[in-house]
Amino acid sequence: MRSDVRVEAIVESELVSLLGQRDVRSARIVVLSVDDGAVLAANGRDRSGPHASLATEEVRSHGSTAKLFTLAAALEAGAVRMEDTFEGGVITRDGVTIEDHETHGAMSLEDVMAYSSNVGATRVFDRLGAAPLAGTLARLRFSVPEDFGTRPGRDAQLAYGALFEASSLDVAAGYLVVARGGTWPGGRVVISPTTADRSLTLLERAVSREDATGHPAAMPGVRVAGK
């Protein structure tokens with residue numbers, strides 16, 4: 001960890017601001033250097049005060065941030081292409097109902113990311129399969145349940161993020177790989193540069209599109225990618 005006092009001060013200010021919102025009970029922020037992966041700041045805060053462990057050690061569900069890893073794995077495996085489309089609607093699998101906040105028709109891969117579509121991500125996962133996704137997650141240093149691939153309903157929930165659990169630091173590191181062109185600091189390849197570039201494009205559109213869930217994070221004149 002190579003902490004940066006200036007970055008740490010900004011993080012603390014943002015955490016205090018977030019906790020000032022009535023519906024926010026806790027928050028976590030991790031800042032990593034794209035160049036070498038150094039942790040410039042990692043902190044969390046709840047109603048009782050700051051707790052760095054919330055960002056670095058607490059394992060929790062990170063929801064739809066996991067969609068990046070599923071889509072990247074599918075692109076890497078050649079299971080999907082950027083120009084493919086995926087049916088919307090509602091899916092029922094092993095008694096699990098998978099749906100979106102708003103029902104969509106046919107979606108492009110960009111739409112799936114921009115809308116944060118659980119149904120679209122499940123369609124992508126269906127084309128990919130559990131083993132290739134587990135392999136990509138392992139290279140990103142995430143773990144999956146031992147029975148992953150045997151319970152269709154729960155498998156899909158992990159693929160679109162409902163049951164995806166990790167620390168905030170680990171999730172940030174997974175995104176760092178995409179930002180670095182597909183490699184860990186030190187050069188170990190996780191995904192190809194082409195897959196990383198396409199994944200980064202999806203993340204940028206999930207912010208820049210006015211109809212995207214991440215649009216509130218858009219900043220005029222600044223290149224922002226996120227989920």
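## Contacts around Asp84

Two residues are in contact when they have heavy atoms within 4.5 Å of each other. In this predicted model, Asp84 touches Met107, Ser108, Leu109 and Arg127, leaving out residues up to four places away in sequence. Asp84 belongs to the loop between helix H3 and strand S5 (85–86).

The relative accessible area of Asp84 is 9%; because the limit for a buried residue is under 20%, Asp84 counts as buried. Its side chain also takes part in polar pairings. One polar atom of the Asp84 side chain lies 2.8 Å from the backbone nitrogen of Arg81, and the side chain makes a polar contact with that of Arg127 at 3.2 Å.

## Nonpolar cores

In soluble globular proteins, nonpolar side chains tend to be buried together. Here the largest nonpolar core has 52 residues, and those with the most contacts inside it are Phe69, Leu109, Leu133, Phe142 and Phe164. Beyond its neighbours within four places in sequence, Phe142 is in contact with Phe69, Leu137, Phe164, Ala166, Asp170, Val171 and Gly174. Another core, of nine residues, lies apart from the largest one; Leu19, Val24, Ile29 and Ala41 are among its members.

## The enclosed helix H7

Helix H7 spans residues 152–160, and seven of its nine residues are buried, so the helix is largely enclosed by the rest of the structure. The buried residues are Gly153, Asp155, Ala156, Gln157, Leu158, Ala159 and Tyr160. Their cover includes helices H3 (67–77), H5 (118–128) and H6 (130–139), together with strands S6 (91–93) and S7 (96–98). Just after H7, Gly161 adopts a positive phi of about 115°.

Technical notes: Residues numbered from 1 in each chain as written. Predicted model: local features only at pLDDT ≥ 70, side-chain atom pairs only at ≥ 80, totals over all residues. Heavy atoms only, no water. Core = buried A, V, L, I, M, F, W, Y, C linked by side-chain atoms within 4.5 Å. Buried < 20%, exposed > 50% of the residue type's maximum accessible area, 1.4 Å probe, protein only. Helix = DSSP H or I, 4+ residues; strand = E, 2+ residues; numbered from the N terminus. Polar contact = N/O pair within 3.5 Å; in protein donor to acceptor, adjacent residues only side chain to side chain.
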